[in-house]
Amino acid sequence: MNKVFIATSIDGFIADKNGNIDWLQSVPNPDNNDMGYDEFMGKVDAIIMGRNTFEIVCSFGIDWPYEKPVYVLSNSLKSVSDQLKDKVVLVNGDLQDILDKIRAEGHEHLYIDGGKTIQSFLSKDLIDEMIITIIPRLLGEGIPLFTNNKHTLNFKGVSTKIYLNQIIQNHFVRSR
């Protein structure tokens, strides 16, 4: 099962035109409500993320935030820092082949993260579930979550939650 947990602006962007994501923190959250993230992470075995997302996470200047194995899709990265060698595996090639290898390692429930990575998985109909959190902000332009997918993919809405009286989170499951 391949799952997405991501936030967008009202107009569907995951980052602004400069690639920044600081607007995600635009709604005051004094109690640090994680909006279901910990619960979601408790249901996944590993993470597959794109190189751009990996580099953004590394740029935060914090300890590595993931306890689960992380697979980074990249054709250009050849290695990771010594601190991440036991936590991050670089992978490339056909998505189904990558999934088969990861599942052979016992990881069935995968968190798919990163705009291009999500788009690639959607183009191959490899996403089973999406939790999309909408931040009440119009960016006007930026990096979209969805691009021109060549196929219609049907999802069923299973729940909607409102956080902090203004952030809307929609949960969808693939209808096959």
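What does glutamate 55 count as by its relative accessibility: buried, partly exposed or exposed?

Tutor: Glutamate 55 counts as partly exposed, at 36% relative accessibility. The cut-offs are under 20% relative accessible area for buried, over 50% for exposed, and in between for partly exposed, with a 1.4 Å probe and protein chains only. This is a predicted model, in which local features need pLDDT of at least 70 and side-chain atom pairs count only at pLDDT 80 or more, while totals for chains, interfaces and linings use all residues. Residues are numbered from 1 along each chain as its sequence is written, and side-chain values use heavy atoms, with hydrogens and water left out.

Glutamate 55 forms a salt bridge with arginine 51, and their closest N and O atoms are 3.0 Å apart. A salt bridge here is a side-chain nitrogen of Lys or Arg within 4 Å of a carboxyl oxygen of Asp or Glu. In general, side chains of opposite charge can pair when their charged atoms come close. Both residues belong to helix H2 and sit four residues apart, about one turn of the helix. Helices (H or I, at least four residues) and strands (E, at least two) are DSSP runs numbered from the N terminus. Arginine 51 is also partly exposed, with a relative accessible area of 29%.

H2 covers residues 51-59 and also holds isoleucine 56. Isoleucine 56 is partly exposed at 33%. With Phe60 and Ile62 it forms a nonpolar surface patch of about 270 Å² of accessible area together. Patch members have over 30% relative accessible area and no salt bridge; like charges are joined within 9 Å and nonpolar side chains (Val, Leu, Ile, Met, Phe, Trp, Tyr) within 5 Å. The areas come from the Shrake-Rupley method with a 1.4 Å probe, and for residues only the protein chains shown count as cover.

Now the other charged pairs. The count of salt bridges comes to seven. One of them joins glutamate 141 to lysine 17, with the closest N and O atoms 3.8 Å apart. Glutamate 141 lies in the loop between strand E7 (129-135) and strand E8 (142-144) and lysine 17 in the loop between E2 and H1, so this pair ties together parts that are 124 residues apart in sequence. Glutamate 141 is partly exposed at 43%, whereas lysine 17 is exposed at 58%. Arginine 103 pairs with glutamate 108, the closest N and O atoms being 3.7 Å apart. Glutamate 108 is partly exposed at 39%. Asp125, Asp128, Arg174 and Arg176 are linked in a network of salt bridges.

Asp125 follows helix H4 and has a positive phi, near 55°. Within H4 (residues 115-123), Gly115, Thr117, Ile118, Gln119, Phe121 and Leu122 are buried. Strand E6 is covered on both faces: Leu110 and Ile112 on one side, and Tyr111 and Asp113 on the other, are all buried. E6 pairs in the parallel sense with strand E1 (residues 2-9) over two bridges; pairing requires that DSSP finds at least two bridges between the strands. Tyrosine 111 in E6 is the bridge partner of lysine 3. Strand E3 (residues 46-50) also runs parallel to E6 and is joined to it by four bridges. There, methionine 49 stands opposite aspartate 113.

Histidine 107 is in the loop between helix H3 (95-104) and strand E6 (110-113). It is buried, at 13% relative accessibility. Its side chain makes a polar contact of 3.5 Å with the side chain of tyrosine 71. A polar contact is a pair of N or O atoms within 3.5 Å; within protein, one must be able to donate a hydrogen and the other to accept it, and residues adjacent in sequence count only if both atoms are side-chain atoms. Leaving aside neighbours within four places in sequence, histidine 107 is in contact (heavy atoms within 4.5 Å) with Asp45, Ala46, Pro69, Tyr71 and Ile102.

Tyr71 is also touched by valine 89, as are Val70 and Val72, not counting residues up to four places away in sequence. Valine 89 is in strand E5 (residues 88-91) and is partly exposed at 40%.

Asparagine 32 has a positive phi near 55° and is exposed at 65%. Asparagine 165, with phi of about 60°, lies in the loop between strand E9 (155-163) and strand E10 (167-174). It is exposed at 78%.
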